[in-house]
Amino acid sequence: MVSAVDTNKNESGFSNEDTIYVPFFIVSDFGLATAYNNGRKIISNLFGNEVHMTYANEGWLDPAAGIYYCYSSDSGTHFTRTEYVAGPGIYPALAIDTAGNPCASWVSGSNIYYTHWTASWAPPDTIVLPD
């Protein structure tokens, strides 16, 4: 469960069970940064101790347009700084491969792209859909 706190330090009533500490602001100028529930934006490993998050940014403000990612190794209590995955793109989705690494996919124009993490994000591949 997550609770939200606004800039006046007013906390929502969603939950009082957990608190997430994000040592930075997650900034996006895209109204659909985490849109649509058919693509997972926040996922965890089988044990729940590793939490991964992705979102999109259009690039009207800093940072640049593209897909962004952050990670937590303590069940979502603290997250790393967001990092640029690739872009431009919208509608990101995450999964975890059999080795436990995050994989991301997103849409850019009429193409769907895919990348995965090993020691860094691999160059994106285009997913070709059958005719």
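Predicted model: local features only at pLDDT ≥ 70, side-chain atom pairs only at ≥ 80, totals over all residues.

Visitor: Which residue forms an aromatic pair with Trp-121, and is the pair stacked or edge-to-face?
Guide: The partner is Tyr-69. The ring centres are 5.0 Å apart, with 80° between the planes. An angle over 60 degrees counts as edge-to-face, so the pair of Tyr-69 and Trp-121 is edge-to-face.

Visitor: How many residues apart are Tyr-69 and Trp-121?
Guide: Tyr-69 sits in strand S3. Trp-121 is in the loop between strand S7 and strand S8. The pair links distant parts of the chain, and the separation is 52 residues.

Visitor: Is Tyr-69 buried or exposed?
Guide: The relative accessible area of Tyr-69 is 5%. The cut-off for buried is under 20%, so Tyr-69 is buried.

Visitor: How many aromatic pairs does a search of the whole structure find?
Guide: The search finds five aromatic pairs. One of them joins Tyr-55 and Tyr-68, with centres 5.7 Å apart and planes at 20°. Planes under 30 degrees apart count as stacked, so this pair is stacked. The total for the whole structure is five.

Visitor: Which strands hold Tyr-55 and Tyr-68?
Guide: The two are 13 residues apart in sequence, so their pair ties separate parts together. Tyr-55 is buried, and so is Tyr-68. Their strands are S2 for Tyr-55 and S3 for Tyr-68.

Visitor: Which residue forms one aromatic cluster with Tyr-55 and Tyr-68?
Guide: Tyr-55 and Tyr-68 are paired. Their cluster also includes Tyr-84.

Note on methods: Residues numbered from 1 in each chain as written. Heavy atoms only, no water. Phe/Tyr/Trp six-rings, centres within 6.5 Å; stacked < 30°, edge-to-face > 60°. Helix = DSSP H or I, 4+ residues; strand = E, 2+ residues; numbered from the N terminus. Buried < 20%, exposed > 50% of the residue type's maximum accessible area, 1.4 Å probe, protein only.
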